[in-house]
Amino acid sequence: MVIRYTGIWYRLARVYPYTFTPLYLYILALIPVQLTDAQIKKVTVSDSVQYAYELEEIILYGSRDFTSPSMQTEINAEKIENKNAFTIADLLRTDPALNLTAGPKAETEIKIRGFPAQDVLVLVDGRPINPGYYGKVDLAMLPVDNIAKLNVIKGPSSVAYGVNNMGGVVDIITKNGFEVPQTVFDLSFGDYMFRNISLNHSRQVDDFNYWVSGFENYSDGFKMSDDFVPTSLEDGVLRDNSFYHKIGGNLKLGYQTESMDLYSLSVGYNWAEKDVPTTIYSWDLPTYRKFPEWQRFSSAFSGQWNIGSLMQLKSVVYLDAYQDRLIDYKTKEMQEDEINFDSDLESWTAGASMESKFSVFDVHKFHSGLNFKRDLMNKKANIDQPWVTNLTYTGNVFIQDYFSPWEMSNVTVGLNYLYFRVEEGLTKNKLSPMVSISQNLFTNFRIYASYANSVRMPTLHQLYSETSGNPDLKPEEADKIETGIEWYLFMNDEDRYLSLQLAYFYNDLKNMIYRSSSSYRYQNIAEAQLQGFEASSVFNFNRYLSADLSYCYLYSPGSSSEILEEVPQNKIRFAISIKTEFRTNLNYEFVFFDERTTYVPPKNLDSYTLHNINISYLLLDFLKLRAELNNITDAYYEEELGYPSAGRAFIFGATLTF
């Protein structure tokens, strides 16, 4: 394996000479003055775990469970273990309100209630990781091994999430050193040389703690369904050009003072190489491509301080860098002397944020803050062409008030001032309000209604693409409305309960950025409406048996069919989890995907169902064995037109914990 690193540190100094100096000054400014009234006795390890996670998560006032302005999905470490998942994409793929597909560039894209991937804000430990050029995060490149929990906000969201969250938020929280000291080694194997190896180690030493993790994920490719009918471009069995190899590691250092102030420094590096499967249809302009290298470097420094008993400050400064090299070949043999182009793309994001939470007479709880980031792109359309550099600036200032005007009620009002500037000096400003009203009719039953105006700024690709760029583009925006109910019924004891969540949502999209083809300029010409309803119910019979059922219906009346291409109108998920006294766990999942439209009107994608199952057995206190079977019935389906997904796949693994 050869890793070619294209001068990332040299370019860091070259393109950010005047950004790094203020960032260093900002870090120095994070060092607080010691406050005598903030002395708090150090809490237990379990409390420190939760407190430390609040440092890296955008926590709103009130409980997330019962005051959220919209329906959301929360996945904790136990739920992650119950699913057949090695990446964030695997983890979210079966959620009825989400649609994840991999198409012409083998990059997994997420849609939330129909909003495309560039509209979805992805956060890791409170900082955005969306690259500035395309604005989309390939969730298949993010492993789950070091994830503590994950939240998906689907509807109207708090102004605290900032900008570029028009389609929703995927909020990822990684593990930290406050966990119980342990080392976890996980090893999994499957067909066609599939392997996933990960190592996580954490420890706390006095006031310091650390978490270190590393992983490798490799496969020669995936097996196609036996129902696949060979074409002139694909003969079946092993999917052509579906090879990938991923390696990565993360380090997180933490420090907690006697006054419960927290500091965290994290760095991470991911590397991958992968082939790109072509379409299976000869009429669909087949391409033969591969990424000989894909890299991501991330770093962040954050701090959280208590000022008295009524105020809390939190800040983070971060740098994210992506680099990928894409080669397009003339023939399927992919020979080095037959190349159409060999492109290189670098995307840099440097930013900082600061926020405060404070109470006024225990009645009004204010949440305010500011965020700023600079996105820069370096691009070579071909290896013999010069680098092209473009950049944008994005920022916002927000304030939010959370209060209870009467008994068992909660009101949240917020205002966001958004700022966007392109390199030509053109500036776009926007005020975005939000309001949410929640009323508990009785202890465990509430109704709510929420509205938010959300904005997504143009990406660097839409502004500066050689063939389609338009620096005069306006930001896209959406008026998002959601109303719903939540009900929790506890039966006899805390182990037995039934929950029900119902939500109706309506989204009015404006100034949508669109181009007719890759040779046309992007324009703000489209409007659309997305609406539907979502339902979710969980029944916990006892500590051994639980089941959940969820459903989403999505449609776009009067809008172009393109907005819901390859998105099912109906999607259903049912899952059951069984634990036994014999240290064995069994998890089963059923998912139904409705028929989907495509960009070729006569060719709709058929509906299909997936059945997945896994079983684990704790053989020894430190050794757990696990077996997974995905797509039990070997169903054939295409996530995008011309791009089939994997057939039946068996994986066996073992986890050592010591």
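Tutor: Ground rules come before the terms. In this predicted model, local features need pLDDT of at least 70, side-chain atom pairs count only at pLDDT 80 or more, and totals for chains, interfaces and linings use all residues. Residues are numbered from 1 along each chain as its sequence is written, and side-chain values use heavy atoms, with hydrogens and water left out.

Student: How many helices and strands are there in the protein chain?

Tutor: The protein chain has seven helices and 31 strands. Both are DSSP runs numbered from the N terminus: helices are H or I with at least four residues, strands are E with at least two.

Student: Why is Asp95 called buried?

Tutor: Buried means under 20% relative accessible area, exposed means over 50%, and partly exposed lies in between (1.4 Å probe, protein chains only). Asp95 has a relative accessible area of 11%, so Asp95 is buried. Its place is the loop between helix H6 (88–92) and strand S2 (98–102). Across the protein chain, 55% of the 658 residues count as buried.

Student: What makes Pro116 partly exposed?

Tutor: The relative accessible area of Pro116 is 25%, so Pro116 is partly exposed. Pro116 sits in the loop between strand S3 (108–112) and S4.

Student: And why does Pro386 count as exposed?

Tutor: Pro386 has 62% relative accessibility, so Pro386 counts as exposed. Its loop runs between S16 and S17.

Student: Which residues does Asp95 touch?

Tutor: A contact means heavy atoms within 4.5 Å. Leaving out residues up to four places away in sequence, Asp95 touches Thr73, Lys154, Glu534 and Lys571. With the same exclusion, Pro116 touches Ile110 and Lys111, and Pro386 touches Lys379 and Lys380. For the protein chain, residues 24 or more positions apart account for 64% of the contacts with a separation of 6 or more.

Student: What is the C-alpha to C-alpha distance between Pro116 and Asn99?

Tutor: Pro116 and Asn99 are 9.3 Å apart in space, C-alpha to C-alpha, and 17 residues apart in sequence.

Student: How many aromatic pairs does the rule count?

Tutor: The count is 19 aromatic pairs. Rings of Phe, Tyr and Trp (its six-membered ring) pair if their centres lie within 6.5 Å; planes under 30 degrees apart count as stacked, over 60 as edge-to-face and the rest as tilted.

Student: Why is the pair of Phe593 and Tyr608 called stacked?

Tutor: The ring centres of Phe593 and Tyr608 are 4.5 Å apart and the planes are at 10°, so the pair is stacked. This pair links distant parts of the chain, 15 residues apart: Phe593 is in strand S26 (residues 584–593), and Tyr608 is in strand S27 (residues 608–620). Both Phe593 and Tyr608 are buried.

Student: Which residues form one aromatic cluster?

Tutor: Phe208, Tyr255, Tyr263, Phe301 and Trp305 form one.

Student: How do you know that the charged end of Arg113 sits over the ring of Phe505?

Tutor: The rule asks for NZ of Lys or CZ of Arg within 6 Å of the ring centre and within 35 degrees of the ring normal. The charged end of Arg113 sits over the ring of Phe505, 4.1 Å from its centre. For Lys480 over the ring of Phe115, the distance to the centre is 5.0 Å.

Student: How many cavities of 30 Å³ or more does the search find?

Tutor: The search of the whole structure finds 14. On a 1 Å grid over the protein atoms alone, a cavity is a set of points where a 1.4 Å probe fits but cannot get out; a pocket is an open set with protein on both sides within 12 Å along at least five of seven lines; lining residues have an atom within 4 Å of a point. Points are joined across faces, edges and corners, and a volume is the space filled by probe spheres set on the points.

Student: What lines the largest cavity?

Tutor: Its lining has 50 residues, and Asp90, Arg93, Phe222, Tyr244 and Ala646 lie nearest its centre. The space in the largest cavity is about 1,300 Å³. Strand S31 (residues 649–657) gives the most to this lining, with three residues.

Student: And what is the volume of the second largest cavity?

Tutor: The second largest cavity has about 580 Å³.
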